[in-house]
Amino acid sequence: MDPLGRFVASGSADQQYRTGSVKLWALPSGRLLRTLWESTPELVKDLAIDARGRFLVAGSWDQGPHRGTLKVWELPSGQLLHTFTPGPVDCVAIDGSGRFLAAGYQASERSQIWELGLWELPSGKHLQTLVVSGNACELAFDASGRYLATGGPGTSVQLWAGADLRASGREGR
């Protein structure tokens, strides 16, 4: 949801995963403002809007071997800024300043290795890729943007710290 209460974004897939979409809806009316992305076949897994309502990010699993898409739009115009294809994306997060985008995705089709990608907004510059211990299907920045937590089912929570998001050494279950 837009932090100013102007709109809400939805990500979906039909029951057979033939079509996925990302849409913007007006608040409080619920009127469809625009469809930002509609593609076949895609499964939109996660959405994030930055704290100032300037960017919308969607991560998806796509049909085919080891495919996934990360898209960034400018809001409220809906202009597509970037498309990245890191692998099947499970989760996305934008830091509180709207300056950094993080995505957790499966690194390889044949392994259970997960990676954490970090990009700069609005430029789209890829800053780094980090290997995550376990499954990275949940991400959250703290309000200051100094820390990023990753975790998933049956895995430990990892806390990443600093501008370059070095592992802080804190890990727990």
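How many helices and strands are there in the protein? This is a predicted model, so to speak a calculated one: local features need pLDDT of at least 70 and side-chain atom pairs count only at pLDDT 80 or more, while totals for chains, interfaces and linings use all residues. Residues are numbered from 1 along each chain as its sequence is written, and side-chain values use heavy atoms, with hydrogens and water left out.The answer to the opening question is zero helices and 15 strands, where helices (H or I, at least four residues) and strands (E, at least two) are DSSP runs numbered from the N terminus. Of the 173 residues, 45% are buried (under 20% relative accessible area, with a 1.4 Å probe and protein chains only).

Now for the aromatic rings. The whole structure holds two aromatic pairs, meaning rings of Phe, Tyr and Trp (its six-membered ring) with centres within 6.5 Å; planes under 30 degrees apart count as stacked, over 60 as edge-to-face and the rest as tilted. Trp37 and Trp73 make a tilted pair, with 6.2 Å from centre to centre and 50° between the planes. Trp37 belongs to strand β3 (residues 32-39) and Trp73 to strand β6 (residues 67-74), so this pair ties together parts 36 residues apart in sequence. Phe84 and Trp119 are stacked, at 5.1 Å centre to centre and 25° between the planes. Both Phe84 and Trp119 are buried, and so are Trp37 and Trp73.

Methods
Buried means under 20% relative accessible area, exposed over 50%, partly exposed in between (1.4 Å probe, protein chains only).
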